[in-house]
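Here is a friendly walk through one protein model, looking at a helix, its aromatic rings and its charged side chains. Have the structure open as you read.

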Amino acid sequence: GGGRTSASAAPLNDGEVRMIAMKLSALLADVVVRDFPQRWPTFVAEVFVPVSRGGLWCEAAGATTTTNDPAAQQQQQQQRSRGGYGTMVGTKIALECLRIVTEDCTDSDYNAKISTKRRNDVLIGLNEVSNQFLPLVFVLLSDEYAIVNAAKTTLREMEAYLTSAGRTVNQMTQEEGMQYEAQLARRDGAGRILADCLRTIEKFCSAMPLDWILGGSPAN
(Lines give C-alpha, C1' and ligand atoms only; values in the text may rest on other atoms or scores of the structure.)
Protein backbone atom coordinates (compact mmCIF):
# COMPACT_ATOMS: atom_id res chain seq x y z
CA GLY A 1 0.00 0.00 0.00
CA GLY A 2 0.93 3.65 -0.12
CA GLY A 3 1.08 4.11 3.65
CA ARG A 4 4.32 4.28 5.57
CA THR A 5 5.30 1.28 7.65
CA SER A 6 6.48 1.75 11.22
CA ALA A 7 10.00 0.72 10.21
CA SER A 8 10.27 3.29 7.41
CA ALA A 9 8.25 6.13 8.94
CA ALA A 10 10.30 9.26 9.56
CA PRO A 11 10.09 10.77 13.04
CA LEU A 12 7.76 13.73 13.43
CA ASN A 13 9.40 17.13 13.29
CA ASP A 14 8.85 19.77 15.98
CA GLY A 15 6.12 21.53 14.01
CA GLU A 16 4.16 18.31 13.53
CA VAL A 17 4.52 17.43 17.22
CA ARG A 18 3.25 20.87 18.26
CA MET A 19 0.27 20.60 15.91
CA ILE A 20 -0.69 17.15 17.22
CA ALA A 21 -0.22 18.32 20.82
CA MET A 22 -2.57 21.27 20.26
CA LYS A 23 -5.20 19.02 18.67
CA LEU A 24 -4.95 16.53 21.55
CA SER A 25 -5.21 19.37 24.07
CA ALA A 26 -8.38 20.68 22.40
CA LEU A 27 -9.89 17.18 22.20
CA LEU A 28 -9.11 16.47 25.85
CA ALA A 29 -10.56 19.86 26.85
CA ASP A 30 -13.81 19.08 25.00
CA VAL A 31 -14.18 15.85 26.97
CA VAL A 32 -13.45 17.66 30.25
CA VAL A 33 -16.03 20.38 29.58
CA ARG A 34 -18.60 17.70 28.75
CA ASP A 35 -17.89 15.10 31.44
CA PHE A 36 -15.99 16.67 34.37
CA PRO A 37 -16.59 16.23 37.25
CA GLN A 38 -19.74 14.11 37.17
CA ARG A 39 -18.75 11.47 34.62
CA TRP A 40 -14.99 11.90 34.80
CA PRO A 41 -14.16 12.83 38.40
CA THR A 42 -10.60 11.47 38.10
CA PHE A 43 -9.57 13.78 35.22
CA VAL A 44 -6.85 15.58 37.19
CA ALA A 45 -5.72 12.44 39.00
CA GLU A 46 -5.25 10.68 35.64
CA VAL A 47 -3.70 13.50 33.60
CA PHE A 48 -1.53 15.42 36.08
CA VAL A 49 0.57 12.43 37.10
CA PRO A 50 3.93 11.28 35.68
CA VAL A 51 4.08 9.37 32.42
CA SER A 52 5.58 6.46 34.36
CA ARG A 53 2.23 6.16 36.15
CA GLY A 54 0.10 6.49 33.02
CA GLY A 55 -0.40 10.27 33.03
CA LEU A 56 0.83 13.10 30.83
CA TRP A 57 3.00 15.03 33.29
CA CYS A 58 6.65 14.77 32.27
CA GLU A 59 9.43 14.95 34.81
CA ALA A 60 12.64 16.39 33.43
CA ALA A 61 15.12 14.30 35.39
CA GLY A 62 18.58 15.83 35.43
CA ALA A 63 17.51 18.82 33.37
CA THR A 64 19.34 21.26 35.63
CA THR A 65 22.71 19.56 35.31
CA THR A 66 25.45 20.25 32.79
CA THR A 67 27.48 17.42 31.31
CA ASN A 68 30.37 17.02 28.91
CA ASP A 69 29.39 13.49 27.95
CA PRO A 70 28.26 13.45 24.29
CA ALA A 71 25.65 10.73 24.89
CA ALA A 72 24.19 12.64 27.83
CA GLN A 73 24.18 15.85 25.77
CA GLN A 74 22.25 14.10 23.02
CA GLN A 75 19.73 12.87 25.60
CA GLN A 76 19.35 16.41 26.95
CA GLN A 77 18.73 17.74 23.44
CA GLN A 78 16.05 15.10 22.90
CA GLN A 79 14.43 16.06 26.20
CA ARG A 80 14.85 19.80 25.63
CA SER A 81 14.21 20.31 21.95
CA ARG A 82 15.20 23.81 20.89
CA GLY A 83 12.39 24.08 18.36
CA GLY A 84 9.75 22.11 20.23
CA TYR A 85 8.95 20.34 23.47
CA GLY A 86 10.92 17.14 23.18
CA THR A 87 9.85 14.64 25.81
CA MET A 88 8.05 17.45 27.72
CA VAL A 89 5.20 17.39 25.20
CA GLY A 90 2.86 15.62 27.64
CA THR A 91 3.22 18.51 30.07
CA LYS A 92 2.41 20.91 27.25
CA ILE A 93 -0.80 18.97 26.50
CA ALA A 94 -1.87 18.97 30.18
CA LEU A 95 -1.22 22.70 30.62
CA GLU A 96 -2.91 23.64 27.35
CA CYS A 97 -5.93 21.48 28.18
CA LEU A 98 -6.37 23.21 31.53
CA ARG A 99 -6.01 26.63 29.91
CA ILE A 100 -8.59 25.83 27.21
CA VAL A 101 -11.09 24.42 29.73
CA THR A 102 -10.81 27.51 31.93
CA GLU A 103 -11.11 29.82 28.94
CA ASP A 104 -14.12 27.97 27.54
CA CYS A 105 -15.90 28.28 30.88
CA THR A 106 -15.19 32.00 31.34
CA ASP A 107 -14.77 33.56 27.90
CA SER A 108 -17.89 35.37 26.68
CA ASP A 109 -17.36 33.95 23.19
CA TYR A 110 -18.14 30.48 24.56
CA ASN A 111 -20.89 31.41 27.00
CA ALA A 112 -23.59 30.68 24.44
CA LYS A 113 -22.12 27.24 23.74
CA ILE A 114 -21.84 26.04 27.34
CA SER A 115 -24.71 26.33 29.82
CA THR A 116 -24.21 28.32 33.01
CA LYS A 117 -24.72 25.19 35.13
CA ARG A 118 -22.14 23.24 33.14
CA ARG A 119 -19.61 26.07 33.39
CA ASN A 120 -20.13 26.35 37.13
CA ASP A 121 -19.87 22.59 37.60
CA VAL A 122 -16.53 22.49 35.78
CA LEU A 123 -15.04 25.52 37.55
CA ILE A 124 -16.16 24.39 41.00
CA GLY A 125 -14.88 20.90 40.24
CA LEU A 126 -11.48 22.27 39.18
CA ASN A 127 -11.26 24.41 42.28
CA GLU A 128 -11.98 21.42 44.49
CA VAL A 129 -9.06 19.46 43.02
CA SER A 130 -6.74 22.43 42.37
CA ASN A 131 -4.48 21.20 45.19
CA GLN A 132 -3.67 18.24 42.92
CA PHE A 133 -2.34 20.28 40.00
CA LEU A 134 -1.46 23.84 41.10
CA PRO A 135 1.50 22.71 43.26
CA LEU A 136 2.83 20.74 40.27
CA VAL A 137 2.53 23.79 38.02
CA PHE A 138 4.25 26.07 40.55
CA VAL A 139 7.10 23.59 41.07
CA LEU A 140 7.49 23.25 37.31
CA LEU A 141 7.46 27.04 36.96
CA SER A 142 10.27 27.37 39.49
CA ASP A 143 12.30 24.53 37.96
CA GLU A 144 12.00 25.82 34.40
CA TYR A 145 12.92 29.36 35.47
CA ALA A 146 16.05 27.97 37.14
CA ILE A 147 16.90 26.02 33.99
CA VAL A 148 16.55 29.11 31.79
CA ASN A 149 18.84 31.14 34.07
CA ALA A 150 21.41 28.35 34.41
CA ALA A 151 21.53 27.81 30.64
CA LYS A 152 21.89 31.54 29.97
CA THR A 153 24.74 31.75 32.46
CA THR A 154 26.51 28.77 30.86
CA LEU A 155 26.08 30.25 27.38
CA ARG A 156 27.59 33.56 28.52
CA GLU A 157 30.53 31.71 30.05
CA MET A 158 31.07 29.73 26.84
CA GLU A 159 30.97 32.89 24.74
CA ALA A 160 33.37 34.67 27.12
CA TYR A 161 35.79 31.74 26.85
CA LEU A 162 35.67 31.86 23.06
CA THR A 163 36.25 35.61 23.08
CA SER A 164 39.28 35.23 25.38
CA ALA A 165 40.68 32.69 22.92
CA GLY A 166 40.09 35.01 19.96
CA ARG A 167 37.36 32.82 18.51
CA THR A 168 33.67 33.20 17.70
CA VAL A 169 30.72 30.86 18.03
CA ASN A 170 31.17 29.94 14.37
CA GLN A 171 34.70 28.72 15.15
CA MET A 172 33.79 26.20 17.84
CA THR A 173 35.02 22.62 17.67
CA GLN A 174 32.48 19.86 17.12
CA GLU A 175 32.51 18.98 20.83
CA GLU A 176 32.11 22.63 21.83
CA GLY A 177 29.29 22.99 19.33
CA MET A 178 27.44 20.05 20.86
CA GLN A 179 27.75 21.57 24.33
CA TYR A 180 26.60 24.96 23.07
CA GLU A 181 23.60 23.52 21.24
CA ALA A 182 22.64 21.51 24.31
CA GLN A 183 22.52 24.72 26.36
CA LEU A 184 20.48 26.49 23.68
CA ALA A 185 18.03 23.59 23.71
CA ARG A 186 17.77 23.75 27.50
CA ARG A 187 17.19 27.51 27.45
CA ASP A 188 14.63 27.53 24.65
CA GLY A 189 12.79 24.38 25.74
CA ALA A 190 12.52 25.51 29.36
CA GLY A 191 11.48 29.00 28.25
CA ARG A 192 8.64 27.52 26.22
CA ILE A 193 7.33 25.48 29.16
CA LEU A 194 7.78 28.52 31.42
CA ALA A 195 5.57 30.60 29.14
CA ASP A 196 2.94 27.83 29.05
CA CYS A 197 2.90 27.68 32.86
CA LEU A 198 2.40 31.42 33.18
CA ARG A 199 -0.42 31.49 30.61
CA THR A 200 -2.23 28.63 32.32
CA ILE A 201 -1.83 30.07 35.82
CA GLU A 202 -2.98 33.51 34.68
CA LYS A 203 -6.08 32.08 33.01
CA PHE A 204 -6.98 29.77 35.90
CA CYS A 205 -6.42 32.29 38.70
CA SER A 206 -8.33 35.04 36.89
CA ALA A 207 -11.32 32.68 36.58
CA MET A 208 -11.46 31.78 40.26
CA PRO A 209 -12.55 33.99 43.17
CA LEU A 210 -9.56 34.77 45.37
CA ASP A 211 -11.11 33.19 48.46
CA TRP A 212 -11.50 29.90 46.57
CA ILE A 213 -7.81 29.88 45.60
CA LEU A 214 -6.75 30.70 49.17
CA GLY A 215 -8.65 27.74 50.55
CA GLY A 216 -12.23 28.85 50.90
CA SER A 217 -15.14 26.85 49.55
CA PRO A 218 -17.75 28.10 47.11
CA ALA A 219 -21.12 28.68 48.66
CA ASN A 220 -23.66 25.96 48.04
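Helix α1 covers residues 14-35, and at 1.5 Å a residue its 22 residues should span 32 Å; the end C-alpha atoms lie 31 Å apart, which agrees. Keep in mind that this is a predicted model. Which residues of α1 are buried? They are Ala21, Ser25, Leu28, Ala29, Val32, Val33 and Asp35. These buried residues pack against α2 (43-47), α4 (89-106) and α5 (116-128).

Arg39, in contrast, is exposed, with a relative accessible area of 62%.

The whole structure holds twelve salt bridges. Three of them are set out here, with the distance between nitrogen and oxygen.

| Salt bridge | N to O distance |
|---|---|
| Arg99 and Glu96 | 2.6 Å |
| Glu176 and Arg167 | 2.9 Å |

Arg99 and Glu96 both sit in helix α4, three residues apart, or about one turn of the helix. Both of these residues are buried. They also belong to a network of salt bridges that links Lys92, Glu96, Arg99, Glu103, Asp196, Arg199 and Lys203.

Now for the rings. The model has six aromatic pairs. In one of them, the ring centres of Phe43 and Phe48 are 6.4 Å apart and the planes meet at 85°, so the pair is edge-to-face. Phe43 is buried at 1% relative accessibility, and Phe48 is buried at 4%. Phe133 and Phe204 form another pair, with centres 5.3 Å apart and planes at 80°, so this pair is edge-to-face too. Phe133 lies in helix α6 (residues 130-164) and Phe204 in helix α7 (residues 174-207), so their contact ties together parts 71 residues apart in sequence. Phe133 is buried at 0% relative accessible area, and Phe204 is buried at 1%.

Ring pairs join Phe36, Trp40, Phe43, Phe48, Trp57, Phe133 and Phe204 into a cluster. A ring can also meet a charge: the charged end of Arg192 sits over the ring of Tyr85, 5.7 Å from its centre.

Notes. Residues are numbered from 1 along each chain as its sequence is written. This is a predicted model: local features need pLDDT of at least 70, side-chain atom pairs count only at pLDDT 80 or more; totals for chains, interfaces and linings use all residues. Side-chain values use heavy atoms; hydrogens and water are left out. Rings of Phe, Tyr and Trp (its six-membered ring) pair if their centres lie within 6.5 Å; planes under 30 degrees apart count as stacked, over 60 as edge-to-face and the rest as tilted. Buried means under 20% relative accessible area, exposed over 50%, partly exposed in between (1.4 Å probe, protein chains only). Helices (H or I, at least four residues) and strands (E, at least two) are DSSP runs, numbered from the N terminus. A charge sits over a ring if NZ of Lys or CZ of Arg is within 6 Å of the ring centre and within 35 degrees of the ring normal. The expected span of a helix is 1.5 Å times one less than its number of residues. Contact means heavy atoms within 4.5 Å. A salt bridge is a side-chain nitrogen of Lys or Arg within 4 Å of a carboxyl oxygen of Asp or Glu.
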